[in-house]
Number of protein chains: 4
Amino acid sequence: MKGQTILRVRYEETDAMGVVYHANYFTWFEISRTELLRKYSLSYKEMESKKWYLPVVEATCCYKSPARYDEEIIIESELHFSTDLYFDFTYEAWRKSDHKLLAEGRTRHVCIGENGRILTKATRNIKKQLFGVS
Amino acid sequence: MKGQTILRVRYEETDAMGVVYHANYFTWFEISRTELLRKYSLSYKEMESKKWYLPVVEATCCYKSPARYDEEIIIESELHFSTDLYFDFTYEAWRKSDHKLLAEGRTRHVCIGENGRILTKATRNIKKQLFGVS
Amino acid sequence: MKGQTILRVRYEETDAMGVVYHANYFTWFEISRTELLRKYSLSYKEMESKKWYLPVVEATCCYKSPARYDEEIIIESELHFSTDLYFDFTYEAWRKSDHKLLAEGRTRHVCIGENGRILTKATRNIKKQLFGVS
Amino acid sequence: MKGQTILRVRYEETDAMGVVYHANYFTWFEISRTELLRKYSLSYKEMESKKWYLPVVEATCCYKSPARYDEEIIIESELHFSTDLYFDFTYEAWRKSDHKLLAEGRTRHVCIGENGRILTKATRNIKKQLFGVS
């Protein structure tokens, strides 16, 4: 399962070095994985109505080249089918104009309920819905 | 009722112009009014446990001089006793090193309950608690 | 001169009240006025290459109704031709699904050069380019 | 080289899940390493006046427990002396009230000059200044 999102660098996302502040890539990754889930008819909002949440338990980013204000950025995200316990997304950020790779990232998520407990069954159900496997 | 908060400009708060991004002053104002209310033993968290919220219904800022990374900023806030319907805070942001005025702002707040309805009685109660008047 | 931008609420833009944090509307306004200027073939980046900047000197927002995560928001912005000394933009934010008005705002900008001095001539030139008047 | 920073969770840093948005920990880490460098008389600003920058080339965070609005957070950071090519900082975030571990992180930095090229000599000089070794 792969998806692509295009976004434009906001002025607010730049810093005094003239480039995008590093923490903002994690926000971009979040936008991209939300779009990916929506594409496969699983919206965050829908899950939240069931009181299921997919918090980030691990996040990593390697920065290759800086992004600048007003540039269009392609975020590619991929959901990986691994164990029943968590979800892994990987990401690549490219500048659209010259297809330069800007960053690579990864986030790990668990599915939790309202009480904060990990929902193994819900995780399995979501994966089934997404990957069409039982 | 007046209070003062000192904070240091975060790198994340700067933009490609090399100065603090204008919207961040509203976050600083929020920090300052929270400190002010805490000083008068009324914490946001306490109110939220009662399901009372003080959302911003109006916000204004006039920018006089830019703030830069790593500078220490003094935020002065003042709560104004006006009508029973809302709260008004005014703010001044100063650079600590040379006491240069950076910005002046104002926010207006109403007290709402969980259902989003305006709580006139709660507003009155909070004001009584803060100003010691009935 | 009017323009419209559609954006989707990011999770990062929400706060613990479950709605969009008030300061983020100013970021949305910035996105919208940039789009408007781009539409009239005047990009921020272009201006920055000439070392012209349009910093915000005043910003105001009135909040009517809260925006929530994942909602699509329409930002309408309008540039007003007033004096030669500054630019005024006004904004309206609507929820796309039910066309509910969420907020109204205004920002005032001056054109400054690299040294931070106000460029009256540049302001006039930009206005001429935008409005086609001399 | 170790240091400690205490900060209070800002409302702006929370999200609709009622907890601190994950990307904000990276901003906290930045504040903490800046404090650490300042303590050892090496301020970011000083370096920037020499046109030396320490951009993040890698960033990782493992989230253990959520932080909430208004909580005081202790960020412990440590600078590691490794090769001449880069700097590694590790971080721990604790809730002050109950000393619960909230997150652990790591960032890697290189020293670059104005043209974006990696300054091996400057890296070595900074390390010498910090660690007192040649």
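A salt bridge here is a side-chain nitrogen of Lys or Arg within 4 Å of a carboxyl oxygen of Asp or Glu. The model is predicted: local features need pLDDT of at least 70, side-chain atom pairs count only at pLDDT 80 or more, and totals for chains, interfaces and linings use all residues. Residues are numbered from 1 along each chain as its sequence is written, chains are lettered from A in the order in which they are written, and side-chain values use heavy atoms, without hydrogens and water.

**View 1. Polar pairing between chain D and chain C.** By the salt-bridge rule, this interface has zero. Six residue pairs across the interface are in polar contact, both at pLDDT 80 or more (N or O atoms within 3.5 Å; within protein, one must be able to donate a hydrogen and the other to accept it, and residues adjacent in sequence count only if both atoms are side-chain atoms).

**View 2. The contact area of chain D and chain C.** Eight residues of chain D contact eight of chain C (heavy atoms within 4.5 Å). The buried area is about 860 Å², with 65% from carbon and sulfur atoms (accessible area, 1.4 Å probe, that two parts lose on being put together, summed over both). Tyr11(D), Glu12(D) and Ala16(D) supply 58% of what chain D buries against chain C.

View 3. Ser65(D) sits in the loop between strand S2 (56–63) and strand S3 (72–80) of chain D (strands are DSSP runs of E, at least two residues, numbered from the N terminus). Ser65(D) counts as buried because its relative accessibility is 14% (buried means under 20% relative accessible area, 1.4 Å probe, protein chains only). Not counting residues up to four places away in sequence, Ser65(D) touches Tyr25(D), Arg95(D), Lys100(D), Leu101(D) and Leu102(D).

Key. Helices (H or I, at least four residues) and strands (E, at least two) are DSSP runs, numbered from the N terminus. Buried means under 20% relative accessible area, exposed over 50%, partly exposed in between (1.4 Å probe, protein chains only).
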